[in-house]
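Subject: Structure handover

Hello,

Here is the structure I promised you. Please open it alongside this note, and read on for what turned up.

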Amino acid sequence: MSHMTLAVEELNVIAQQALRKSGVSAASAADTCAALMAAEQAGIASHGFARLPFYLDQLDSGKLKPEAQPVVAARGNVVNVDADSGLAFPAVQQGLDCGIALAQHSGIVAVAISRSHHFGMAGYYAEQAARQGLVCLALSNGPAAMAPWGGNIPLFGTNPIAFASPRENQPPLVIDLSLSEVARGKIMLASQKHEAIPLGWALDKDGHPTQDADDALAGSMAPAGGAKGAALALMVELLTAGLTGSNYGFQASSFFNTEGGPPHIAQLLLLLNPAFFSPGYVQHSEQLFAAMLQQPSVRLPGERRQAVAQQNSKQISLPAALLEQLRIRAG
């Protein structure tokens, strides 16, 4: 597959124009492209601009509401955000900004986003909080892609979990993982490229391991860690969709087509201000990191991603076919 390289600024203009042409406000387009760009720069192409054509199709079809206006309401230490059946990015960003401000003087804040959609790379939001001195846990559910342990009918999303912690004179520690063995987006990319997937990534509709990406998409993602991953996925369903009254995975429509109504899934961001718990958290955590790094083969989670992001800070390489599609959509 041929690729083309272009400046970050040029790609940002093309992507924002495509969103604006589909009726999205300038502010929402900017929030969306910032999150997609962060994933692209981190080398997480499955959560980058490869997703944009799907968003545009859903905006054009009415499955997503182009003119959506998130509604943010803070009550005590809880920030509730209604994404208004639109793109998740502006809703999550507005909720996070409000939550960060509250956590600076209240210690702990939960930001709950309802009637939402795919929010990209979960670590993007957790890292923003950590850069403001907060510890953050970010969770999302999604359309059914993973069966409960022992079953073969998908009920849970792949349900990412991200965690970020501030560091001393270093970028935040960021842990970002899917509760399936791999992110579903990787199998989507393999399907588009007609490539085989490794055994252990997914099961077919009969519950058998498969290397065929299309059979995997028709079947079920394999949970990370077997029964433990499936149990954690259930936990995320309850902490996101359960707490907000949003759709569980088995109730949500697909992120990848225009069929059905809005997915109406949910996110939860938990923000903790270390200053309210014990003095010197950052310095104390550095003792643990230093002990880890004394072992020659150990690196901290997120270090590779940070290095890749630095390399991609000025230019991005995209599949030529995807870039051409985005140029056409931008008009």
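Seven strands make up an open sheet, in the order β2-β3-β4-β10-β5-β6-β7, and the pairing is mixed. Keep in mind that this is a predicted model. The edges of the sheet are β2 (71-75) and β7, each of which pairs on one side only. Neighbouring strands are turned by 10° against each other on average, direction ignored.

Strands β2 and β3 (residues 78-82) run antiparallel and are joined by five bridges. Val71 stands opposite Asp82 in β3.

Helix α8 packs on this sheet. The helix touches β4 (108-116), β5, β6 and β10. Its direction makes about 100° with that of β10.

Now go to the other end. Strand β5 (residues 135-140) is antiparallel to β6, with four bridges between them. Strand β6 is also antiparallel to β7 (residues 173-177), this time over five bridges.

How many of the five residues of strand β6 are buried? Four are, so β6 (residues 161-165) is largely enclosed by the rest of the structure.

Next, the aromatics. The structure holds five aromatic pairs. Take Phe54 and Phe256. Their ring centres are 5.1 Å apart and their planes stand at 85°, so this pair is edge-to-face; the cut-off is over 60 degrees. The pair links distant parts of the chain, 202 residues apart. Phe54 belongs to helix α3 (residues 52-61). Phe256 lies in the loop between α8 (227-244) and β10 (265-272). Both Phe54 and Phe256 are buried.

Tyr248 and Phe250 also form a pair, and here the rings are stacked. The centres are 6.4 Å apart, with 10° between the planes. Are these two residues buried or exposed? Tyr248 has a relative accessible area of 28%, so it counts as partly exposed. Phe250 has 52%, so it counts as exposed, for which the cut-off is over 50%.

One more group to look up: Phe119, Tyr124 and Tyr125 form one aromatic cluster.

Best wishes

Terms used:
Residues are numbered from 1 along each chain as its sequence is written. This is a predicted model: local features need pLDDT of at least 70, side-chain atom pairs count only at pLDDT 80 or more; totals for chains, interfaces and linings use all residues. Side-chain values use heavy atoms; hydrogens and water are left out. Rings of Phe, Tyr and Trp (its six-membered ring) pair if their centres lie within 6.5 Å; planes under 30 degrees apart count as stacked, over 60 as edge-to-face and the rest as tilted. Helices (H or I, at least four residues) and strands (E, at least two) are DSSP runs, numbered from the N terminus. Buried means under 20% relative accessible area, exposed over 50%, partly exposed in between (1.4 Å probe, protein chains only). Two strands pair if DSSP finds at least two bridges between them. Axes are lines fitted to C-alpha atoms, for helices over the stretch in contact, and angles run from 0 to 180 degrees between N-to-C directions. Contact means heavy atoms within 4.5 Å.
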